[in-house]
Amino acid sequence: MRKSVNGRPQPSAALAAMIEAEKLIVEAIARERAALRAGQKFAAAAYHTQLRTAAGIYLASLKNARDSLASATDPDRLAADMERRRRTFADLLRVELAALASSRILYAERMRMAAERKDASMPPRPANSPAAFRTRAA
């Protein structure tokens, strides 16, 4: 990001960084949801880590964008535009996070049902088997 003479980020560069961070967040959520739909638990966890990183980048870019307002030619208009954009992104993020939460619940339910099917298809263990003793002790 280019710096202006007074050491503050230029408004256009700061806003571009904020927009890019928003895209990173939405893409990370979409990838995590796709991994959960595909049953890829570890890929989903990796995308969740990317989501947390993208959120940190977004917060830093939002701070830089707010700091850049002092060097803008029309700071009041730019501040209003930036706040409108932030509110719009917050609304979009609520929807995306609700969809992600639904995907996580659905994944957990599918895993629970698969475990129940596996348990139901297994023959009963004899009472004196070593496995029966392990499960009683646990």
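What share of the 138 residues of the protein chain counts as buried? In this predicted model, 25% of them do, where buried means under 20% relative accessible area, exposed over 50% and partly exposed in between, with a 1.4 Å probe and protein chains only. Local features were taken from the model at pLDDT of at least 70 and side-chain atom pairs at pLDDT 80 or more, whereas totals for chains, interfaces and linings use all residues. Residues are numbered from 1 along each chain as its sequence is written, and side-chain values rest on heavy atoms, without hydrogens and water.

The protein chain contains 4 helices and 0 strands, assigned as DSSP runs (H or I, at least four residues, for helices; E, at least two, for strands) and numbered from the N terminus. The order of elements is therefore written α-α-α-α from the N terminus on. The accessible surface of the chain is about 9,300 Å², and carbon and sulfur atoms account for 60% of this surface; areas were computed by the Shrake-Rupley method with a 1.4 Å probe, and for residues only the protein chains shown count as cover.

Two helices were compared with their expected span, defined as 1.5 Å times one less than the number of residues. Helix α3 (residues 75-121) has 47 residues and should span 69 Å, which agrees with the 67 Å between its end C-alpha atoms.

The largest nonpolar core comprises 21 residues, and M18, I25, L51 and Y58 have the most contacts inside it. Such a core is a set of buried Ala, Val, Leu, Ile, Met, Phe, Trp, Tyr and Cys residues joined through side-chain atoms within 4.5 Å. At least two residues of this core come from each of α1, α2 (41-67) and α3, with α1 giving the most, 8 residues.

Contacts were defined by heavy atoms within 4.5 Å. Of the contacts in the protein chain between residues at least 6 apart in sequence, 64% join residues at least 24 apart. Leaving aside residues up to four places away in sequence, L51 touches I25, A28, I29, E32 and L100. E32 is located in helix α1 (residues 11-37) and is buried, its relative accessible area being 3%.
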